[in-house]
Amino acid sequence: MIPVKSYAALSKTDSLAPFGFERRAVGEKDVLIDIMYCGVCHSDIHMARSEWGPSLYPIVPGHEIVGRVSEIGAGVTKFKVGDLAGVGVFVDSCRKCDCCKSDLEQYCDEGMTGTYNGYERDGVTPTFGGYSSKIVMDEHYTLHIPFTSQLEAVAPLLCAGITTWSPLKFAGVGKGHKVAVMGLGGLGHMAVKFAASFGAEVTMLSTSASKEVDAKKLGAQHFILATDEAAMKKAACSFDFILNTVAAPHDMNAYLNLLKLNGTMLLVGIPPEDNRINAAKLISKRRSILGSMIGGIKETQEMLDYCAEHNIVSDVEVIAMKDINAAYDRVLKSDVKYRFVIDMATL
Ligand code: NAP
Ligand code: ZN
Ligand code: ZN
């Protein structure tokens with residue numbers, strides 16, 4: 001077994017605090033990764049606080065992991081010691097269902113194994129995430145990191161990046177499309193970068209007036225303050241796609257109204273409370289809502305390779321591990337530019 005340092009919450013009301021545990025010994029197909037950086041996703045907060053139903057405690061969040069391989073199993077072919085490696089939202093899946101066989105492991109019929117707040121395939125060993133010093137990973141579920149620098153800004157690609165990339169690609173978003181992005185946070189800022197990179201005309205729909213300048217720097221041509229009723233009314237029926245990254249309860253109907261005929265809301269945000277959808281808002285313009293969850297291993301690698309080629313990384317604020325609870329408070333106030341990333345050397 002391998003001793004590991006981490007930060008964990010012991011219950012839904014506890015702050016994160018130092019916690020020690022052991023990872024499994026490196027197996028035949030495993031790589032041991034010394035974690036360098038881990039991004040802070042809003043999902044970490046939802047799960048640390050049991051906002052999506054009871055979580056498993058102790059919980060060690062973190063699923064935007066970049067590190068360096070320090071040991072490999074005898075049967076490993078994808079990695080060698082010294083390689084950079086990445087880990088996203090899941091660490092295993094059944095490997096035999098149609099989804100797994102079609103590189104859509106995130107939709108595994110038996111359920112993917114979450115990087116944390118889950119159990120290994122044995123059903124009893126809890127998984128612990130990336131707010132930790134080391135992780136042992138099956139090489140199949142481990143990503144190559146095709147960057148040599150800015151590794152702190154690469155880490156958020158493993159969740160915020162792939163989660164926004166996948167629905168934009170699935171929907172075929174590109175030149176000639178008008179796309180709006182709801183919420184300028186971790187996911188939202190990557191959505192703006194990708195949609196702009198694919199050639200779409202991008203509008204930021206934000207509740208924070210102060211984010212207009214940044215939205216435009218990130219690639220948005222237009223900015224609408226979502227709390228400005230007159231501006232929202234004026235934008236009715238104007239977008240082909242709206243990518244909804246909002247993490248808090250909100251009235252989705254007000255935003256659906258902004259879609260054109262046949263327009264689609266690409267939904268990735270997961271507020272703790274259900275949304276009430278007004279049927280008339282959908283049927284009156286043949287609008288639809290399409291949900292999407294992260295991306296498979298193959299697609300995540302494609303996204304990382306594209307980002308390296310086009311020099312797309314996340315805009316980050318690097319923090320020390322001890323400052324994680326203050327960072328959570330700031331995320332909840334929509335006050336992050338635009339992803340917190342923990343420097344694991346501070347653990
Ligand atoms: P985040 O950094 O907190 O960003 C969310 C943004 O939503 C905020 O910055 C804010 O932007 C906006 N917002 C907050 N409250 C709002 C409200 N009441 N009404 C309208 N907008 C509001 O969060 P994130 O890490 O990007 O994650 C976003 C959501 O996606 C979370 O629910 C997370 O769990 C989920 N998620 C889903 C997947 C998936 O696979 N589908 C993967 C990762 C995360 P403005 O200030 O610009 O309004
Ligand atoms: Zn995430
Ligand atoms: Zn499967």
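The model is predicted. One zinc ion (ligand 2) has Cys41, His63 and Cys159 as its protein donors, and the other (ligand 3) is coordinated by Cys94, Cys97, Cys100 and Cys108. The largest nonpolar core holds 95 residues, and helix H5 covers residues 186-197.

- Cys41 and His63 are 22 residues apart and link distant parts of the chain. Cys41 sits in the loop between strand S3 (30-40) and helix H1 (42-48), while His63 sits in the loop between H1 and strand S4 (65-72).
- Both Cys41 and His63 are buried.

**Zinc ion (ligand 3)**

- Four SG atoms, from Cys94, Cys97, Cys100 and Cys108, coordinate this ion at 2.3 to 2.4 Å.
- The site is tetrahedral, with angles of 103 to 118° among the four donor atoms.
- The spacing of the donors along the chain is C-x2-C-x2-C-x7-C.
- Cys97 has a relative accessibility of 10% and therefore counts as buried, since the limit for buried is under 20%.
- Cys100 is also buried, because its relative accessible area is 9%.

**Nonpolar cores**

- In soluble globular proteins, nonpolar side chains tend to be buried together.
- Within the largest core, of 95 residues, the members that touch the most others are Tyr131, Ile145, Phe194 and Ile324.
- Strand S3 gives the most to this core, contributing seven residues.
- Domain 1 (2-157 + 315-346) and domain 2 (161-291) each supply at least three residues to this core.
- Another core, apart from the largest one, has 16 residues, including Met232, Ile242, Met252 and Met265.
- Beyond its neighbours within four places in sequence, Phe194 is in contact with Gly161, Thr164, Trp165, Leu168, Met303, Cys307 and Ile312.

**Helix H5**

- H5 has 12 residues, which at 1.5 Å a residue should span 16 Å; the end C-alpha atoms are 17 Å apart, so the two values agree.
- The helix is mostly covered, as 10 of its 12 residues are buried.
- Among the buried residues of H5 are Leu187, His189, Met190, Val192, Lys193 and Phe194.
- After H5 comes Gly199, which has a positive phi near 95°.

Notes: Residues numbered from 1 in each chain as written. Chains lettered and ligands numbered in written order. Predicted model: local features only at pLDDT ≥ 70, side-chain atom pairs only at ≥ 80, totals over all residues. Heavy atoms only, no water. Donors = N, O, S within 2.8 Å, 3.2 Å for Na, K, Ca; no water. Helix = DSSP H or I, 4+ residues; strand = E, 2+ residues; numbered from the N terminus. Buried < 20%, exposed > 50% of the residue type's maximum accessible area, 1.4 Å probe, protein only. Core = buried A, V, L, I, M, F, W, Y, C linked by side-chain atoms within 4.5 Å. Domains from an automatic or database assignment. Contact = heavy atoms within 4.5 Å. Tetrahedral: all angles 85-135°; square planar, octahedral: opposite > 155°, others 65-115°. Expected span 1.5 Å × (residues − 1).
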